[in-house]
Structure formats: structure tokens, C-alpha cells
Amino acid sequence: MTRARPNLVALYWLATLALAATALVVVFTWTPTEQTMGPVQKIFYLHFPVAINALLACTVNFIACLAYLFTRRQRWDDLAAAAAGVAVLLCSIVLLTGMIWGREAWGHWWTWSPRLTFSLLLWLLYAAYLVIRSSFDDPTRRAMVCAVYGIVAFIDVPLVYFSVRLMPDIHPSSVSLEPAMWWTVLIFAVPVTMLAAGLIAAHYRLGRSHNLAQPDAASPRAVTSAGAIE
Amino acid sequence: MSLALRQFAALVAKDLALELRSRQILALVAVLAMLIVAVLGLGLGPQQLASGYAAPAVLWVAYLFAGILCFERTMAPERHDGALAALLLAPVDRSVIYLAKLTTNLLLMLAVVLVVTPVAAVLFGFDLAQAPLAFALTIVVSMVGFAAVGTLFSAVTSSSSMRSAPLAMLILPVTLPLVLASTHLLVALFRDGQPITQAALAILVAFGLIYLTVSWLVFEFILEP
């Protein structure tokens, strides 16, 4: 069992890598080039699945935060931390790929359009989550504050969406693509989702083993009961 | 008067009596807000200020930092002498504790707004007389949402070793949409001279209600001596 698991993990990452390589080959050989935008439009095939996965990672963070608040199990806090880290990473990729696209399409790296502002605020919300995590020493306190923050931050996401709509928009709100292009999006979505899920799992396991290595920090109840026996 | 209402009144009266006798929070917070207004006014210069975009932004920066300090300070007395533990032992519903703290924060913040806004209006040539009621309505509704989040997070951080810098990290990103909606309304009011629209106000009211409800629900779980 203990030996089989690292093999499975390695297999998972190899599969992700292979699928990502396939997706890259497909996008440059098989997918037709878009007429008006040219080759730079191909960045969309990465941009879109990553954006969806960033929102999914935020959802995982929210569910883990809720679960922590109800159960007070350290493992939910570890999951929340892992999901938030991945959400920030994916959000950074969304911002960067979007900026490259915007530079070609609009001539600017950045404009204060609703979608762009939305992504930036999303990044800020979860980057703040990670910063807050590192400013606590007591793990139970940290888990509590972060759980409350995670819940409020996730509920903030639709509010950010509504408030940024007050600004003028130049980001395309709906995309009309050929079937071949949608297939490319799907082919990209598989390795990107696998990468997101794999990173969350790896980060979660790292957090778990870190906490289990420090039993007094992970379960303060054990300490208090031991203290009571003394 | 029902029991919950009497408890609520007693808690608010206690906080306000503390503040009336010490006058520490209001003095500190109002002076900080005025300093921020002065510093930003000096930094921006007359041309930027005349554009009409700067004044709402400067006002909001002052409100935000004043608010963070205010929420921190109103929660601070509970940390001393086991006050929070005694409060939790008392037969008072936690939502009443939350609403009482929120009301105290809201009253203090409105007092700060009353002090700072005229100063900013004079310094920036910001014509409040143009739409005083619309301005008051926008600010009161925004402050309810801001204080709702602020009260929640100040309670979360109260019994920890965290100080106000991380509290700002908690409050600022979460209140961004509220600030965005509110400043857009103010810019439309004072720069473009447009009347306040029902849709824009509805967004602000919805934000306030959502922040209030979520904070109120979560508050049950978080208070620990």
C-alpha cells in the first residue's frame, strides 16, 4: 500500500504531463487559427479552463472553510489552505494570459474593465488569505480566522462581480467559436483540471504531514487532557 | 420592551458610556482620518483634486483606515480582565452581542464621518450642498456594510495576538466591492451631477444586507474567550 501510492501519484503526474503535451500539439497543429486575432488567440484555450478551475478552487476553499467551522477538524483547514494556494496560482495564470491577450487585442496590458478588475480582486482576496495564514502562530486560532475569512471572501465573489459591472466593459462576454475550437478548449480543460486537483491534493498531504509531525500544535485538546491528568 | 431588546440597549449603552468617559476612540480615529485627508490632499495636488474623481476616493481611504482602527479599539476593552468570558457566560444571545457591537461601531463611524467630511469638503472644494441627502444616504448604507464586516473580523482577531495591520488585511479585500460601488455612486453624484439611481442604491443596500446576514450567521461560531 505504502509503495503503491507514490507510484500512483507519479502515474497521475505523468498522465497530466502527457495530456498537457498532447493539448499543446493539438492547439498548434490541428486547431484552426482565428481570423481576426491570429495566433495570439490560441492563449484563450489555456485562459478559459484555468479561469474555470480558479473558481472551482475557490469553491473547494469555501466548502473546506464551512466544514472547519462546523467540525473544527484540522484537516479541513489544511484542505482550505491548499485550495487557496492553488486558487491564487491559477488566478495569476488567468491574469497573465489575459494581459498577453489584451496587449494584442486592445493595445494595453491592463484596462479597468469589469472582467479584469474582477480577476484582480479575486486574486487579492485569496492572496490576502495566504498572507493572513502566515501571520498566526497558534494553529487553532489561525484555522478559525482563516475559515471565517474564507467564507466571507467566497460570498464576496458575486458581490465583486456585481460591483465591477458598474464599469464600462470591453472584455468579450460570450465567445462564438467553431466546433474544432471548442474541442480544443475541452482537450485543454482535462490536464488543467488534473493539474489543479493534483496540486490541491499534494499541498493538502504536505500540510497534513506537517501538522501530524507536530502533534501538540495540531490537536490542542490532547495537550489540555494530558495537562489535566498531571 | 422585550428581553433581547433590553440586553441590546444595555450592551450599546455600556460601550457608549465607556467611550463618552474616556473619549479615546473618537479622538484618535477622527484625527487619523483628518491626517489621511490632509496627506492625500497634499500628495494629489490641486489639479487632481479639481477633476472630481479624487474627493470620493480620498474620503473612502480616510473612512476605511479610520474604521479599521475604530473596530479594533471598540473590541479592545473586551480583552481586558476577562470581560469577553463574562459576556459569554451571561445569558445573552450571541447575535445580540454582535448587533450591539455593530451598533456601537456604526454610531462611532458616523460620528467620524460627521467630523471628517466637512473638513474634506472645505479642503477639496467638494460641493456637498449639491446633493446632501443623496450623499448621506449613500454613506449610511455603505457604513452599515462596512461596519458589519469590520465588527465580525475585529471579534475574530480580538482574542489573538494579532494587531490592526492584519485586521486591515482581513477587512480591506472583503470590502472592495462595497467601496467600488459606493465611490462610483459618489463620482456620478458630484462629478457628473447625475441623481442617484434606484438600481445603484439597490446594489449598495443588497451588499449591506448580505454582509450583515453572513457576519451575523458566522458570529455564532467564532466568539471564544
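I'll start with a helix pair in chain A: helix 4 of chain A and helix 5 of chain A pack at an angle of about 175°, and their axes are 10 Å apart. One caveat before going on: this is a predicted model.

Two packed helices are described by the angle between their axes and the distance between the axes. Angles over 145 degrees count as roughly antiparallel, so helix 4 of chain A and helix 5 of chain A are roughly antiparallel to each other.

Who makes that contact? On the helix 4 side of chain A the residues are Pro114(A), Thr117(A), Phe118(A), Leu121(A), Leu122(A), Leu125(A), Tyr126(A), Tyr129(A), Ile132(A) and Arg133(A). The helix 5 side of chain A includes Arg142(A), Val145(A), Cys146(A), Tyr149(A), Gly150(A), Ala153(A) and Asp156(A). By class, the contact of these two helices has 16 nonpolar, two polar and three charged residues.

Setting aside its neighbours within four places in sequence, Tyr126(A) is in contact with Cys58(A), Ala84(A), Ala87(A), Val88(A), Cys91(A) and Ala153(A).

Next, the core. In soluble globular proteins, nonpolar side chains tend to be buried together. Here the largest nonpolar core has 126 residues. The residues with the most contacts inside this core are Ala57(A), Ala80(A), Ala83(A), Ala87(A), Tyr126(A), Val148(A) and Val112(B). That list has names from chain A and from chain B. Which element gives the largest share of the core? Helix 5 of chain A does, with 14 residues.

Now the contact between the chains. It takes 26 residues from chain A and 23 residues from chain B. On the side of chain A that touches chain B, the elements giving two or more residues are helix 4 (114-133) and helix 5 (139-164) of chain A. The largest share of that side, 15 residues, again comes from helix 5 of chain A. By class, this side of chain A has 21 nonpolar, two polar and three charged residues.

On to the chains as a whole. Chain A has eight helices and zero strands, and from the N terminus on its elements run α-α-α-α-α-α-α-α. Of its 230 residues, 33% count as buried. Among contacts in chain A with a separation of 6 or more, residues 24 or more positions apart account for 79%.

Chain B also comes to eight helices and zero strands. The radius of gyration of chain B is 18 Å, close to the 17 Å that the globule rule gives for 225 residues, so chain B is as compact as a globular protein of that length. Along its principal axes, the C-alpha trace of chain B spans about 55 × 35 × 30 Å. Buried residues make up 43% of the 225 residues in chain B. For contacts in chain B between residues at least 6 apart in sequence, 85% join residues at least 24 apart.

Is Ile187(A) buried or exposed? Ile187(A), which sits in helix 6 of chain A, has 21 C-beta neighbours inside 10 Å and therefore counts as buried; the cut-off for buried is 20 or more. Leaving aside neighbours within four places in sequence, Ile187(A) is in contact with Ala23(A) and Val26(A). Ile187(A) and Thr31(A) are 156 residues apart in sequence and 11 Å apart in space, C-alpha to C-alpha.

Ala213(A) lies in helix 6 (residues 179-213) of chain A. Ala213(A) is exposed, because 9 other C-beta atoms lie within 10 Å and the cut-off for exposed is 12 or fewer. Ala213(A) and Ala57(A) are 156 residues apart in sequence, and in space they are 26 Å apart, C-alpha to C-alpha.

Last, backbone angles. Most residues other than glycine have a negative phi. Arg72(A) is not a glycine, yet it has a positive phi of about 60°. Arg72(A) is found in the loop between helix 2 (44-71) and helix 3 (74-105) of chain A, and with 15 C-beta neighbours inside 10 Å it counts as partly exposed. In chain B, Arg23(B) has a positive phi of about 50° although it is not a glycine. Arg23(B) lies in the loop between helix 1 (3-22) and helix 2 (24-50) of chain B, and with 10 C-beta neighbours inside 10 Å it counts as exposed.

Conventions: Residues numbered from 1 in each chain as written. Chains lettered and ligands numbered in written order. Predicted model: local features only at pLDDT ≥ 70, side-chain atom pairs only at ≥ 80, totals over all residues. Contact = placed C-beta atoms within 7 Å. Helix = DSSP H or I, 4+ residues; strand = E, 2+ residues; numbered from the N terminus. Nonpolar A, V, L, I, M, F, W, Y, C, P; charged D, E, K, R; others polar. Core = buried A, V, L, I, M, F, W, Y, C linked by C-beta atoms within 7 Å. Rg over C-alpha atoms; globule rule 2.2 N^0.38 Å. Axes fitted to C-alpha atoms, helices over the stretch in contact; angles between N-to-C directions. Parallel < 35°, antiparallel > 145°, perpendicular 65-115°, else oblique.
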